[in-house]
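Here is a short report for a reader new to this structure. Look over the sequence and the model first, then read on.

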Amino acid sequence: MTYDLAYQKRWRLDREQGRLRTVPATRARRHIERLRAAGCSVRGIAECAGLSPSVVSKIGAGKQPTVTVKVARTLLAVRPDSILNRPHGPGFVPNLGARRRIEALLALGWAHAHITERMGTRTTSQLVLHQVGDWIARETHDAVVAAYDALAMSPGPSERTRRRAAVLGYAPPLAWDDDTLDDPDARPQTGIDTDNVDPVAVARALDGDMSVPLNRDERAEVIAALAAGGRSDRWIAVQLGVVPETVRRERQRLGVESRWSA
């Protein structure tokens with residue numbers, strides 16, 4: 001039997017200095033379970049981690065009590081978005097991000113016909129939104145992302161679609177950060193975090209005193225109050241020292257109507 005003498009020397013040195021070469025596989029196994037629950041495939045996880053699918057499957061099934069430190073680190077570094085964006089990822093990917101993007105566009109007033117036209121595929125956005133299962137063809141996912149990127153910054157023309165989306169509780173694009181749309185643990189930010197609001201700062205801003213800087217939740221509180229009181233987006237923008245588009249977007253995120261809207 002031939003031994004790698006250099007490897008044996010490094011192994012003895014690591015052991016003497018207290019450096020672990022293997023660790024319990026528990027954390028890696030639980031991380032694989034979370035990724036699988038989010039709709040990620042064993043093959044996708046393996047490709048991102050640079051491992052074979054059989055190794056990932058074995059660790060995920062609890063059939064391997066320990067793993068090398070390197071394997072543990074690479075597995076724990078895998079995220080749902082890295083699986084979606086891997087350079088050689090043919091086949092199917094989780095459909096959560098595509099569904100969220102379609103719901104967000106509907107909340108803006110873009111009907112399925114508009115979204116499907118932008119997708120440029122035979123598969124409709126309505127079919128993607130209501131399909132059974134947790135998987136979607138990667139090319140369809142990419143088409144939804146392209147449509148979302150093209151439409152997410154502009155209000156759609158269909159008020160009926162917008163009202164229906166509001167009834168269904170669909171979150172608009174402004175409720176999401178781009179890097180959270182594919183994250184199964186992320187939740188849309190559709191309201192104001194009252195724990196992050198200083199009522200004194202808000203009261204002073206409503207009285208025209210802008211000497212105290214406002215955080216995002218405090219500014220949102222001021223915008224909502226002024227818009228509900230009949231002030232236009234332009235008037236509020238001047239008051240807060242921002243552009244009217246910022247006011248409009250924040251007001252739409254909060255679902256606050258303006259009597260000055262066209």
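Helices here are DSSP runs of H or I with at least four residues, and they are numbered from the N terminus. The model is a predicted one.

**Overall make-up**

The protein has 15 helices and four strands. It holds 262 residues, and 39% of them count as buried. Take the contacts between residues at least 6 apart in sequence: 69% of these join residues at least 24 apart.

**Two helix pairs**

Two packed helices are described by the angle between their axes and the distance between the axes. The table gives both values for two pairs.

| Helix pair | Residues | Angle | Axis distance |
|---|---|---|---|
| α8 and α10 | 112-119 and 138-151 | about 115 degrees | 8 Å |
| α7 and α11 | 96-108 and 159-168 | roughly 125 degrees | within 6 Å |

Start with α8 and α10. Angles of 65 to 115 degrees count as roughly perpendicular. The angle here is about 115 degrees, so α8 and α10 are roughly perpendicular to each other. Their crossing is right-handed. On the α8 side, the contact is made by H114, I115, R118 and M119. They meet T140, A143, V144, A147, A150 and L151 in α10. By class, this contact of α8 with α10 has seven nonpolar, two polar and one charged residues.

Now α7 and α11. Their axes cross at roughly 125 degrees, and the two helices are therefore oblique to each other. L106, A107 and L108 come from α7, and they meet T161, R162 and A165 in α11. The residues of this contact divide into four nonpolar, one polar and one charged.

**The two sides of α8**

Which residues of α8 are buried? They are H112, I115, T116 and M119. These four cover an arc of only 95 degrees around the axis, which puts them on the same side of α8. On the other side, A113, E117 and R118 are exposed. The buried residues of α8 pack against α7, α9 (125-130) and α10. I115 and M119 are buried, and both take part in the contact with α10. R118 also takes part in that contact, yet R118 is exposed.

**The two sides of α5**

Helix α5 spans residues 69-76, and its V69, V71, A72 and L75 are buried. They cover an arc of only 165 degrees around the axis, which puts them on the same side of α5. What does the face turned away from the buried side carry? It carries the exposed residues K70 and R73. The buried residues of α5 have several packing partners: β1 (22-24), α2 (26-37), α3 (42-49), α4 (53-60) and β2 (66-68).

**A histidine in α2**

H31 sits in helix α2. Is H31 buried or exposed? The cut-off for buried is under 20% relative accessible area. H31 has 7% relative accessibility, so H31 counts as buried. Leave out residues up to four places away in sequence, and H31 touches L75, L76, V78 and R79. Of these, L75 is one of the buried residues of α5.

Terms used. Residues numbered from 1 in each chain as written. Predicted model: local features only at pLDDT ≥ 70, side-chain atom pairs only at ≥ 80, totals over all residues. Heavy atoms only, no water. Axes fitted to C-alpha atoms, helices over the stretch in contact; angles between N-to-C directions. Parallel < 35°, antiparallel > 145°, perpendicular 65-115°, else oblique. Left-handed = near helix turned anticlockwise from the far one by under 90°. Contact = heavy atoms within 4.5 Å. Nonpolar A, V, L, I, M, F, W, Y, C, P; charged D, E, K, R; others polar. Buried < 20%, exposed > 50% of the residue type's maximum accessible area, 1.4 Å probe, protein only. Arc of directions from axis to C-beta.
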